[in-house]
Amino acid sequence: MSGPLIELRGIGKVYVSGQLAVRALHDVNLTIERGELLAVVGSSGSGKSTLLSILGTLERPTEGSYRFEGVEVGELAEGDLADLRNRRIGFVFQSFNLLERLTVFENVELPLRYARIRPRQRRARVEAVLAALDLPAFAGRRPAQLSGGQQQRVAIARALVANPTVILADEPTGNLDTVATGQIVSLLRQLNGIGKTVVIVTHDPQVAAAARRVVRISDGRLVGTGGDRAPSATLSRPGEEA
Amino acid sequence: MAAASLATAARSLLANPLRSFLALLGVAVGSAALIVLVGVGKGSSAAVESRIDALGTNLLTVAPSPTATTAGGERFRLEEGDVKALENRRLAPAVKTVAPILELPAETVSHGTTAVELPAIATEEPYLALRAERLAAGAGLEGGGAGARVVVVGAQLPALLGIGGEPIGQTIDLDGVPFRIAGVLAPNGSTGLQNEEEALLVPLASARQLLDQTDQLSSLLLQARSRAKLGEAQTEVVSVLAERHHLLGATALPFTVLSQGSLLQTATTTSSLLSTLLIELAAIALVLGAVGVANVMLVAVSERRREIGVRKALGARPGDVLAQFLLEAVALCLVGGVIGIGAGIGLSHLRLAGVRPVVAPAVLPLSLAASLLVGLLAGTHPALRAARLTPLGAIRQ
C-alpha cells in the first residue's frame with residue numbers, strides 16, 4: 001500500500017464545557033510513515049494525549065483532516081471507526097485498563113471477540129501472543145494478581161493480538177518502576193523491529209530517547225516534527241545521561 | 001460469542017450479588033403474582049361454574065328487577081299465588097317443579113350462649129332437590145309437617161354455634177324462636193359471601209307463622225320438564241306472571257327469568273372481569289420490578305464507564321455494548337422470572353382468599369415471556385446510554 005500511514009492536516013480540538021471553551025490542539029500537521037517508532041513528548045497538559053486520542057479515533061477533531069491509510073477518518077461512521085480501532089490500531093494505556101473481572105487470557109482475547117473470530121482461532125492467537133510475551137503462566141490470573149510491569153505486558157499482548165498496523169502507547173511506563181520501564185520500552189522497540197508502527201506519548205525524555213523520531217508538543221501546537229535519528233540503544237536509568 | 005456473552009453477563013451480575021438479587025426479586029414477585037393471581041381468577045371461575053353446574057339441569061330463576069314497578073306504579077313483588085299459578089299444568093305445562101324462595105335478612109341465630117348473625121332462606125322441600133343439595137344426616141324441611149319449627153343447616157353451622165355431638169334434634173333459636181335441627185346438608189366445599197356450608201333453611205310456612213313474614217317472595221326456582229322444554233317453560237313463566245300482574249303489553253317486564261346458561265354467562269363475565277383485574281395487578285407488580293432492574297442497570301452503566309470505554313477502544317461497536325447490557329438486564333429478569341414461577345407454583349398449593357388457585361400450563365411460558373419483555377424494557381434505556389458513550393469520555397471516567 002502506497003502513501004503514509006497517517007496524515008494529519010490542520011487538526012484542531014476544542015473542548016466546550018458550558019460557557020467555557022478550551023483549545024487543546026492548534027493546527028497540527030503530522031505525517032507518520034509505516035514502520036516508524038515515533039515519540040510525542042511534551043509537558044503535562046500540552047495536548048499530547050489529546051493528539052493520541054485523535055490518532056486512535058477515540059475522539060474526533062473539531063477541525064482539520066485525518067487520513068488513515070488514505071481514508072478520511074472524519075467521514076467514517078461509529079461502527080466503521082470501531083472496526084478501524086479493532087483491526088488497525090492497538091492501544092497501550094498508562095493505567096493498563098485491563099478489565100478486572102476477566103482473566104489475562106480473556107482480556108487479551110477481547111479484540112478478537114469484537115472481530116468475530118471463531119473460538120478455536122481466538123485461542124490459538126491468544127496463546128501465541130501470550131507465549132511471545134512470556135505470559136502463558138499468567139493466562140488464568142486476574143489483573144489484580146499481577147505486578148504493574150506484568151499488567152502492562154498483558155496490555156501490550158491485548159494490543160498486538162489482532163495484528164494491528166499501529167501501536168499507540170499513552171505514557172506506557174508512567175506507572176512502572178525503572179526495571180519494568182526498561183522491559184516495556186524494549187518490547188515496544190522489538191515490535192517496531194518486526195514492522196509495527198509505534199507511537200509513544202511520553203513526558204519522559206528517557207523513554208522518548210528510544211524513538212527514531214521525536215515530535216514535541218507545547219500548548220497544543222507541534223513545535224518540532226523531528227527528523228530520523230538513531231535511537232539510543234539502551235534505556236537510560238535515572239541519573240544517567242540519555 | 002453467545003456463550004461468552006452470557007458468561008460475561010453472569011460475571012457482571014455476580015460482581016454485585018446483593019444488588020442483583022434485590023433487582024431480580026422485584027421481577028420474581030411480579031412473575032409469582034402473575035401465576036398466583038391468574039390462578040386465583042381461574043380457580044374462582046372454576047368454583048363458580050361448578051356451583052352453577054351443581055344447581056342441576058333445566059333450571060330457571062325468576063326474580064324481580066331491582067327497581068322495576070308494575071303498571072300501577074307499585075313495586076313488583078313475587079307472591080304465593082305466582083307459585084300456585086306456575087304449578088298449574090294447564091297454565092304452565094312445561095314447568096315441572098317450583099320452589100319459592102324468601103331470603104330472610106341476617107337474624108340472630110343462637111345455641112346456648114353462642115350467637116351469630118346469619119341470613120336464612122325460607123323455602124319448601126323441592127328447593128333441596130333442585131339445588132342438588134344432599135343431606136348428610138336427618139330429614140328435609142317437611143320432616144315435621146307443615147309449619148313445623150324445624151331447620152336444615154349447612155355442614156359447618158353446628159360447629160359455628162358450638163353444637164357438640166349429634167346436631168339432629170338439637171334446638172337453635174332463630175330471632176328468639178326455637179327451631180329443631182331436622183337435617184344437616186352434606187359439605188359441598190363452597191366458600192365466599194354466600195357460604196352454603198353455613199346455610200340456614202327454614203320451611204316457608206314456618207317463617208310466615210313464626211317470623212312475621214308476608215306472602216311476598218324473593219325469587220322462584222323452577223325446573224322445566226326437560227332441557228328441550230326450557231325455552232318453552234321460560235315463555236310460559238313470562239306469560240303467566242305478566243297476566244297475573246297485569247303486565248300484558250308492557251314494554252319492559254319488572255322481573256327477569258334467567259336460565260342456567262344465562263347465569264353461567266353472567267358468572268363467566270364477572271369472572272373474566274375479576275381475572276382481568278388480577279392480571280392488571282400482576283402487570284403492575286412486573287412494572288415495579290422493571291423499574292428496579294432499570295435502576296440497577298443505570299447504576300451499572302455509570303459504574304462501568306471505564307470498562308465500556310476500554311471495550312470501545314478495543315473495537316466494540318455501539319451494537320456490541322448495547323447487546324451486552326441488554327443481555328445482562330434480560331438475564332437478570334429471566335432468573336427472576338424462573339424464581340417467580342417456582343414461587344408461584346408453590347403458592348398455588350395454598351388456599352388464597354378461600355380459593356384454590358388453578359395454574360394453567362399456558363401461564364408458565366407467558367410468565368417467562370413477560371419476564372423477558374420486562375428485561376428488554378428495563379434494559380433498553382441503560383443499554384442505549386452505554387452504547388452512546390464516547391470511548392475516550394468513558395475511559396477518562
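This is a predicted model: local features need pLDDT of at least 70, side-chain atom pairs count only at pLDDT 80 or more; totals for chains, interfaces and linings use all residues.
Of the 397 residues of chain B, 39% count as buried, a residue being buried if 20 or more other C-beta atoms lie within 10 Å of its own, exposed if 12 or fewer, and partly exposed in between, with C-beta atoms placed from the backbone. Residues are numbered from 1 along each chain as its sequence is written, while chains are lettered from A and ligands numbered from 1 in the order in which they are written.

Chain B has 12 helices and 12 strands, where helices (H or I, at least four residues) and strands (E, at least two) are DSSP runs numbered from the N terminus. Among contacts in chain B between residues at least 6 apart in sequence, 83% join residues at least 24 apart; two residues are in contact if their C-beta atoms, placed from the backbone, lie within 7 Å.

Within chain B, helix H3 (residues 80–87) and helix H7 (residues 230–244) pack with their axes 10 Å apart and at an angle of about 135 degrees, the axes being lines fitted to C-alpha atoms, for helices over the stretch in contact, and the angles running from 0 to 180 degrees between N-to-C directions. H3(B) is therefore oblique to H7(B), since angles under 35 degrees count as roughly parallel, over 145 as roughly antiparallel, 65 to 115 as roughly perpendicular and the rest as oblique. From H3(B), Gly81(B), Asp82(B), Ala85(B) and Leu86(B) make the contact, and from H7(B), Val237(B), Val240(B), Leu241(B) and Arg244(B). These residues divide into five nonpolar, one polar and two charged, with Ala, Val, Leu, Ile, Met, Phe, Trp, Tyr, Cys and Pro counted as nonpolar, Asp, Glu, Lys and Arg as charged, and the others, Gly among them, as polar.

In chain A, the axes of helix H3 (residues 104–114) and helix H4 (residues 119–132) come within 10 Å and cross at roughly 130 degrees, so that H3(A) and H4(A) are oblique to each other. The contact joins Phe105(A), Val108(A), Glu109(A), Leu112(A) and Arg113(A) of H3(A) to Arg122(A), Arg125(A), Val126(A), Val129(A) and Leu130(A) of H4(A), and its residues divide into six nonpolar, no polar and four charged.

Helix H6 (residues 178–193) of chain A has 16 residues and reaches 22 Å from its first C-alpha to its last, close to the 22 Å expected at 1.5 Å a residue, the expected span being 1.5 Å times one less than the number of residues. Among the buried residues of H6(A) are Thr181(A), Ile184(A), Leu188(A) and Asn192(A), and the buried residues of this helix pack against elements of chain A that include strand S3 (37–41), helix H5 (148–160) and strand S8 (197–202). Just after H6(A), Gly195(A) takes a positive phi of about 105 degrees.

The contact between the chains takes 20 residues from chain B and 18 residues from chain A. On the side of chain B that touches chain A, two or more residues each come from helix H1 (2–14), helix H9 (305–313), helix H10 (318–347) and helix H12 (391–396) of chain B, with the largest share, five residues, coming from H9(B). The residues of this side divide into 11 nonpolar, three polar and six charged.

Arg388(B) lies in helix H11 (residues 363–388) of chain B and counts as exposed, with 12 C-beta neighbours inside 10 Å.
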